[in-house]
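Colleague: I have just opened this entry and would like to learn how to read it. Could you walk me through its features, starting from the inside?

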Amino acid sequence: MDITSRQYEIIQASGKILVDKGVSGLTVKALATEMGFVESALYRHFKSKEDILILMIQYLQKNIKDRIEPIANGEENPVQKIKMIFDSQFRFLNENRHFVIAMLSEGLLDESDGIKNEAIKIFLYKMPIIYRLLTEGIAQQLINPIISTDAMLHFLIGGFRTLIFKWKMTGFHLDVEKEGNQMVEDFFTLITQKS
């Protein structure tokens, strides 16, 4: 991904504003103030606020791919891989909370079609990988297919999003890594029990 160090600083500062003030608080003026720039200096790096947000989401997408692909292609069994993928997500978000806003904010997705399309790419990348691993887990008899693979995927992804939303709403005060990994363990306890 072609991103300059200054662009990276700008998306990091944008993320801080998103966490502190939400989507409506992210303005070019607020960003310039946060970075100690004049507004015109930001336009040397980005044409608009939309371009900043799109690059932020593209950076997140690349980061997700860089973390998930080695896990998905590793030697572990499918259940272990899914647990490792979610652990990686919880750890990354705990260290980069501004991406939680980028992932959960409907207001952000409503900003433009360009932003929405980039966010959808993340969703479309992760879902098939988890689905494939669930299917492999069933084939290897590591997972009991007591419900459909689609339902398993919805429960798992829905649980993830609910926990991340709860974490955000509590001001990031719960231990998202501990609770997140416990949620995934509980999920697999349910679907690995023999009938």
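Modeller: Let us start with the nonpolar core, meaning a set of buried Ala, Val, Leu, Ile, Met, Phe, Trp, Tyr and Cys residues joined through side-chain atoms within 4.5 Å. Buried means under 20% relative accessible area, exposed means over 50%, and partly exposed lies in between, using a 1.4 Å probe and protein chains only. The largest core here has 60 residues, and the members touching the most others are Phe86, Phe90, Leu134 and Phe188.

Colleague: Which elements give two or more residues to this core?

Modeller: Those are helix H1 (5-25), helix H2 (28-35), helix H4 (49-72), H5, helix H6 (98-104), helix H8 (113-139), helix H9 (149-169) and helix H10 (176-191). H4 provides the largest share, 12 residues. As a general idea, nonpolar side chains in soluble globular proteins tend to be buried together.

Colleague: Before we go on, what kind of model is this, and how are the residues numbered?

Modeller: It is a predicted model, with residues numbered from 1 along each chain as its sequence is written. Local features need pLDDT of at least 70 and side-chain atom pairs count only at pLDDT 80 or more, while totals for chains, interfaces and linings use all residues; side-chain values use heavy atoms, leaving out hydrogens and water.

Colleague: How many helices and strands does the chain have?

Modeller: Helices (H or I, at least four residues) and strands (E, at least two) are DSSP runs, numbered from the N terminus. This chain has 10 helices and zero strands. Its C-alpha trace spans about 65 × 35 × 25 Å along the principal axes, and buried residues make up 46% of the 195 residues.

Colleague: What does Leu134 touch, leaving aside its neighbours within four places in sequence?

Modeller: Contact means heavy atoms within 4.5 Å. With those neighbours set aside, Leu134 is in contact with Ile82, Ile143, Thr149, Met152, Leu153, Phe187, Phe188 and Ile191. For the whole chain, take the contacts between residues at least 6 apart in sequence: 69% of them join residues at least 24 apart.

Colleague: Now the rings. How many aromatic pairs does a search of the whole structure find?

Modeller: Rings of Phe, Tyr and Trp (its six-membered ring) pair if their centres lie within 6.5 Å; planes under 30 degrees apart count as stacked, over 60 as edge-to-face and the rest as tilted. The search finds six aromatic pairs. One of them joins Phe86 and Phe90, a tilted pair with 6.4 Å centre to centre and 40 degrees between the planes.

Colleague: Why are Phe86 and Phe90 separated by about one helical turn?

Modeller: Because they stand four residues apart in helix H5 (residues 78-95).

Colleague: Which residues of H2 are buried?

Modeller: They are Val28, Ala30, Leu31, Ala32 and Met35. These buried residues pack against H1, helix H3 (39-42) and H4.

Colleague: Is Gln7 buried or exposed?

Modeller: Gln7, in helix H1, counts as buried because its relative accessibility is 15%. Leaving aside neighbours within four places in sequence, Gln7 is in contact with Asp2, His45, Phe46 and Leu55. Ser88 in helix H5 is buried as well, with a relative accessible area of 7%. With its neighbours within four places set aside, Ser88 is in contact with Arg67 and Ile71.
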